[in-house]
Amino acid sequence: MVKPYQSADMRRSLWQVVNSFGLLFILWVVMYFSLNVSYWLTLALALPTAGMLVRIFIIQHDCGHGSFFKSRKANDRLGMACGVLTLTPYYQWRKSHAVHHATAGNLNRRDIHDVLTMTVKEYQAASFKEKVGYHIYRNPITLFLIVPMTLFVVLYRFPNKLAKRKEKMSVYVNDVILLIIVVALSYFIGFRTFLMLYLPVIFLATGIGTWLFYVQHQFEETYWAENEEWDYALAALEGSSYYKLPKVLQWFTGNIGFHHIHHLSPRIPNYKLEACYKSNPDLQDVTELTVITSLKSAGLTLWDEETKRLISFGELRRRQR
């Protein structure tokens, strides 16, 4: 089903690079000049600019899977360039994301780079302090506002404990280039102006990106299984949603809404995911979420081993009465 779509199209890839980087640059310039009109206008422009940053992250994401170009060297070079804009060290993120694909939905291999999800039994056995910490962590304000900025702006500036030389160097190179860019822009437009332009964009982009990553795996009828029962294809098709977005949002998010197909075959470039979906009826019989129905996912916090679904803290409390 997926094999015909597992090849990069140089023309489409290059056009995606041109329109994504080009529009991001144009929007940055328009934001800068909008400061002379109204900062409210600048903040309004921050939303589409953040959308372009999300789109560039999807390009980096494809490069990490080796799907954006046929050449691995071309993927890696573009991925590193994208990583400067997205504040994401390319090689370190590529490795951790590969682990995510290899373990998604496996209860015995819940990775530290994924959204922490406790089972009902684990939560009930946890100490009071652990429960409070989990409640704070799973609060939408923490998960979609505080964690994203902390992760991308602060934690990604340092190599993780398991990083090898290549991953460590990607962090250091990323940091040095970022420092040079910040110093240069601060010199020409002023550090205060730089922050006024950049902070709202990165705040929105990291929050949106985290929500997309979250909602595509955290929904009521998702898939979790123990090691001996875990199946890669089932984890992809049942543990990843089809996030049916309006066309304009689908464009900004680089078709990542076809997430079940992406997990089934990460070698499909983002611009071929929709065609793969439309041509295979078997790939259309999956959990479909819309912007409205996906909001429910924010309150689902615990995996219920008995009913095989995600439930909320409130539902667990009601059961215990």
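Trp 251 sits in helix 11 (residues 247–252), where helices are DSSP runs of H or I with at least four residues, numbered from the N terminus. This is a predicted model, in which local features need pLDDT of at least 70 and side-chain atom pairs count only at pLDDT 80 or more, while totals for chains, interfaces and linings use all residues. Residues are numbered from 1 along each chain as its sequence is written, and side-chain values use heavy atoms, with hydrogens and water left out.

Me: Is Trp 251 buried, exposed or partly exposed?

Reply: Buried means under 20% relative accessible area, exposed over 50%, and partly exposed is in between (1.4 Å probe, protein chains only). Trp 251 comes in at 34%, so it's partly exposed.

Me: How do I read a salt bridge?

Reply: Side chains of opposite charge can pair when their charged atoms come close. Here the rule is a side-chain nitrogen of Lys or Arg within 4 Å of a carboxyl oxygen of Asp or Glu. That gives 12 salt bridges.

Me: What do the side chains of Arg 94 and Asp 76 do?

Reply: They meet in a salt bridge, 3.1 Å from N to O. Arg 94 is in helix 4 (residues 90–103) and Asp 76 in helix 3 (residues 72–86), so the pair ties together parts 18 residues apart in sequence. Both Arg 94 and Asp 76 are buried.

Me: Which residue forms a salt bridge with Lys 278?

Reply: Glu 274, with the closest N and O atoms 3.3 Å apart. Both lie in helix 13 (residues 273–279), four residues apart, about one turn of the helix. Glu 274 is buried at 18%, whereas Lys 278 is exposed at 57%.

How values were computed
Helices (H or I, at least four residues) and strands (E, at least two) are DSSP runs, numbered from the N terminus.
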